[in-house]
Each structure stands twice: as C-alpha cells, then as structure tokens.
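Have the viewer open and follow along.

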Amino acid sequence: MGETPADRARALLVEVQRHLAAGRLDAAEAAARQAATAAPGVAECHNALGVALRVAERFDEAAGAYAAALAIDPANARAHNNLGDVHRLRGDHAAAVAAIRQALALDPGHVEAWRNLALCHHALEEHEAAAEALRRALALAPGQVQLHYALGKVEHDRGAHAAAVAAYRVFLASVPDHVEALVDLGMALVELGADGEAIAAFERALALRPGDAAAEFGLRETIARLTPPWHIPMMNEPQRNLAYREAIRAVVGPDDHVLEIGTGAGLLALLSAEAGARRVTTCEMVDVVAAEARSIVARSRYADRVAVVGKRSTALQVGVDLPEKADVLVSEILADDFVGEGVLTSLVDARRRLLKPGARMVPARGDFMGVLVGGAYLEYLLELGEVCGFDMASFARLRPWRQAVPQRIDYDALSDDLALIGYDFADLDSMQPIDRTVPVTVTRAGRCYGVLQWIRLELAPGVTYENHPRSTESVWNKVLYAFPEPRDVRPGDVVDVRLWQRGDYLYLTGA
Ligand SMILES: C[S@@+](CC[C@H](N)C(=O)[O-])C[C@H]1O[C@@H](n2cnc3c(N)ncnc32)[C@H](O)[C@@H]1O
C-alpha cells in the first residue's frame with residue numbers, strides 16, 4: 001500500500017514544527033502549504049499554515065489560514081484561539097476577545113486561550129478582566145511562571161502595586177535573573193514607597209545587564225527623588241556652613257550629647273563633634289542618604305563619637321536609638337517657606353521626647369520674613385493682557401498662589417521688611433498652629449502683587465543667617481505668594497496679610 005494524502009500531510013506537519021523550532025520560516029510555510037494541498041480537508045494543515053504565517057508576522061494571511069481551518073472544523077478551539085491571537089496582533093481587540101471566548105467555550109481548559117484573553121483585556125485596559133483570565137490560566141497551569149509575570153504587569157497597570165510585587169516575586173523566584181522583571185519589580189516597589197528594596201532590585205538588574213537604560217533610569221530616578229537637587233549646592237554654600245560652624249562652636253561644649261535631626265551628608269554632626277561634643281547622635285530618614293553619611297563619618301576623625309541612625313526623628317526612642325536625652329539639638333530642616341520640610345513637627349516632637357529640660361537649640365529661633373511687592377518683573381510673572389491681539393487677561397486668574405523665585409529677583413518693595421511669624425525653638429507655644437491676619441502698612445505707591453518671603457535665622461546669640469532677596473546668594477529660594485487679584489496701593493494704606501499654618505503646611509494670602 002502507498003502513502004495516503006493524510007499520511008503525507010501528517011509527515012509534513014511534523015516538518016512544519018521542526019522548521020519553526022529552527023527558525024526556518026520560509027521552509028515552515030512551504031511545508032504547511034504542501035500539507036494543505038495534500039489534504040485540503042484537514043483543518044490542522046490550515047492551522048499549521050496560519051502558525052507559520054503568524055510567526056512570520058504576516059497576520060492578515062495567517063487570519064485567512066485560520067478562517068480556512070474553521071470553515072472545515074468550526075469546533076476547532078485551537079483555530080479560534082489562533083484567530084483571536086492574530087486579531088489581537090492586528091490591534092482588533094474586540095474581534096480577538098470574541099474569537100478567544102469561542103475557543104474557551106469549546107475548551108475551558110485551554111491555558112493559552114486564557115492567556116491570550118488576558119492580553120486582550122490588558123490592551124483594552126480592562127484590568128480586572130485581564131487579572132481574572134490570568135488567574136484562570138494559573139489555576140489550570142500553576143507551573144507556568146510566565147503567567148505570574150503577566151499577572152504582575154496587569155496588577156501594576158491597574159495600580160494594585162502590592163499585588164504586582166507579589167506576582168513579580170513569584171516569577172523571579174523561578175527566573176531570578178530576568179532583568180525586565182527585576183526592573184518592573186523595582187518600579188512597583190517605588191510606588192509602594194519601598195525605596196530601599198526598589199534600589200536593590202534595580203542594582204541587581206544592572207549587575208546582570210550593565211548599562212540597561214530602564215534599570216539605570218529606575219535606580220537614578222529613585223535616588224534623585226530621595227536626594228533633592230538642592231542637597232549638593234546647599235553643602236557648597238559657605239555662608240550657611242560657616243554660620244552653622246560658628247553657632248555650633250558657640251553652643252556645644254565637651255559635656256554635651258548633641259542630637260542632630262536630618263544628617264544629610266553628616267556635616268552638622270561632624271561640626272558638633274569638632275566643637276567638642278562628647279557624643280553626637282544624628283538621624284536621617286532617607287536610607288540611602290543615611291548609608292552614605294555613615295560611610296563619610298566612618299572615614300572621618302570623629303567616627304568614635306558620631307552615631308548615624310537611619311530613622312525619622314519622630315521614630316527615635318531614648319534608650320534605643322540614643323543612649324540618653326540630648327543637651328543640644330542641632331538641625332537644618334528648613335524649607336524655602338520655613339515649615340515645608342517639617343521643622344516644626346520634628347522640633348516639637350524632639351522637645352517633648354528627646355531633649356533634656358532647657359536643652360539648647362541650633363538654630364535658636366527663626367523668622368518668616370516678608371515684604372509687599374510690585375514692579376515690572378512681578379507683572380511679567382503674574383498678569384496677562386493682550387497676546388498677539390487676543391484678550392488673554394482672564395487666564396491670569398489661574399496664577400499660582402505661590403512660586404519659588406530666582407536668587408536675584410527684581411522687585412519694588414511696597415512696605416518695610418517684616419517678620420510675619422517668629423518661631424522660638426525653645427518655646428513650644430511659638431510653634432503652635434497659626435491663623436491670623438497681619439496688617440502691613442504700605443510705604444510706596446504701586447501695584448501690589450503679593451508678598452515676597454524669605455527666612456532669617458538666629459543660629460546662636462549673635463550668629464544670624466538670612467537669604468534676603470536683595471543681598472544674598474543662597475541655596476534657599478525666595479517664595480512669592482500672589483494675592484488672588486493684584487491691587488493698587490498708596491503710602492499709608494494697610495494691606496491685611498492672612499497667615500495660616502498647620503504643622504508642615506503654610507498658606508499666605510491677602511485678606
Ligand atoms: C536640608 S538637609 C540638611 C543636611 C545636613 N544636616 C546639612 O546641614 O548639611 C536635611 C536632611 O534632613 C533629613 N530630614 C528632614 N527631616 C527629618 C526628620 N524629621 N528626621 C530625620 N531626617 C530628616 C532630610 O532627608 C535631609 O537629608
């Protein structure tokens with residue numbers, strides 16, 4: 001007996017698989033076409049041709065081949081799923097979902113179809129449906145770890161970052177060197193605020209594939225978020241550093257245990273040791289920063305006297321993180337607007353829990369300074385009129401209520417400089433919430449746009465620091481608080497400045 005067409009087709013289908021496995025796409029297509037010619041009534045021959053064409057990314061022709069298979073055998077679940085797959089690859093997700101659902105109606109145990117369905121829902125941003133399809137696939141094939149990776153991506157995209165991390169971790173337990181999954185894990189960990197673990201994931205990805213741009217981006221972006229761009233120029237500012245050094249020398253004695261809040265690179269802690277403190281405990285809430293400070297301190301001549309604790313000050317415990325309450329508190333956690341870096345909440349907490357009664361403070365006190373301002377540069381920043389012949393004036397209603405302004409801002413002072421708020425860091429009462437109106441007398445006629453604000457510190461008796469807008473270069477920006485509407489003022493007028501502050505938040509406007 002000779003070879004039947006069905007035998008010939010079967011042999012050719014085996015060849016198709018071999019060619020595909022070896023990446024010989026032309027040979028695979030040729031063998032599939034021969035099989036379809038030899039046995040045109042066998043659906044699998046058309047299915048195999050479709051697969052060869054799909055791998056060659058000829059999706060329209062692949063869809064034709066699958067349709068031919070389904071014309072012969074409408075109950076062929078594989079062909080429905082394959083057709084759905086090429087619909088998906090052609091971007092027709094609705095048609096893809098319909099075809100894949102037909103495959104699943106015929107064969108609910110079709111793992112690949114569940115996975116394809118998940119990919120379609122994911123592309124359609126139907127994340128819950130995508131996750132559900134992947135869970136069905138995983139229930140059928142728990143050993144297919146790729147499904148966990150796909151589930152992680154779906155959870156990630158729908159903002160379920162803890163679930164994404166869990167799924168990525170299951171995948172990485174089986175495929176620990178998967179660079180893309182490590183980067184995805186890092187990104188999801190960043191969303192959860194687990195910066196240290198995120199950095200570890202990005203570093204592992206980079207160790208596996210040095211120079212990987214996504215991993216480098218994740219690593220450097222995470223570090224950048226944790227270490228604001230002002231940190232290096234701040235430490236390069238001699239006036240600030242020298243004023244602190246002078247104040248610390250004036251205040252710190254040899255019997256003192258100094259607590260510093262906000263280590264940064266460790267400068268003020270080292271200056272405290274240099275001033276003779278018997279012991280310095282310094283805390284830093286950002287882990288990567290604390291680790292760097294620890295190594296700087298270890299290389300310094302004060303390694304035996306300075307302890308860096310990688311915690312937020314509000315989490316410190318006497319007897320655990322510091323051996324005893326402190327005699328002196330040193331800090332530089334002041335934002336442009338004075339309060340935004342948490343100085344008040346941190347110092348109030350420290351006074352209550354971490355300091356001996358009567359402990360000395362560096363800085364000792366500080367003022368939130370302000371002046372009413374007008375002038376052409378303010379007009380440029382905050383007002384609009386006609387632009388290219390169009391009336392744009394109303395857009396200025398959206399002016400920012402506050403903004404940081406350049407070091408040498410050009411402005412007209414319409415009042416005297418005023419200490420709008422004074423904080424005495426030894427006096428808890430001066431650090432309570434504020435809601436008050438300060439009347440400010442106008443000294444010069446002009447259009448008043450709001451208040452320009454800066455900070456003035458008394459670091460120790462006789463040692464001051466100020467980033468006055470006229471006279472200093474400083475790492476601290478001045479802050480411009482714009483009133484909702486500018487107003488024309490004359491000498492003798494009184495402008496009521498409304499001040500509201502709760503903890504780390506401060507609002508200023510014209511009443
Ligand atoms: C402005 S930098 C000053 C760094 C250093 N003390 C210096 O003056 O060069 C403040 C640092 O304090 C940290 N920090 C702010 N508030 C903190 C707090 N309550 N507890 C621990 N660290 C804090 C920030 O992460 C930042 O690294």
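**Backbone, surface and a buried serine**

Cys388 is exposed, with a relative accessible area of 74% (exposed means over 50%, buried under 20% and partly exposed in between, with a 1.4 Å probe and protein chains only). This is a predicted model, in which local features need pLDDT of at least 70, side-chain atom pairs count only at pLDDT 80 or more, and totals for chains, interfaces and linings use all residues. Residues are numbered from 1 along each chain as its sequence is written, and side-chain values use heavy atoms, leaving out hydrogens and water.

Backbone geometry
- Cys388 has a positive phi of about 50° although it is not a glycine, and its place is in the loop between β7 and β8 (390–391).
- Glu57, also not a glycine, has a positive phi near 60°.
- Glu57 sits in the loop between α3 (43–55) and α4 (59–72) and is exposed at 61% relative accessible area.
- Val362 and Pro363 are joined by a cis peptide bond, with omega about 0°.
- Pro363 belongs to the loop between β5 (355–362) and β6 (365–374).

Around Ser415
- Ser415 lies in the loop between β10 (412–413) and β11 (418–424), where it is buried, with a relative accessible area of 4%.
- A polar atom of the Ser415 side chain lies 3.1 Å from the backbone nitrogen of Leu372.
- Beyond its neighbours within four places in sequence, Ser415 is in contact (heavy atoms within 4.5 Å) with Val371, Leu372, Val440, Thr441 and Thr443.

Notes. Helix = DSSP H or I, 4+ residues; strand = E, 2+ residues; numbered from the N terminus. Polar contact = N/O pair within 3.5 Å; in protein donor to acceptor, adjacent residues only side chain to side chain.
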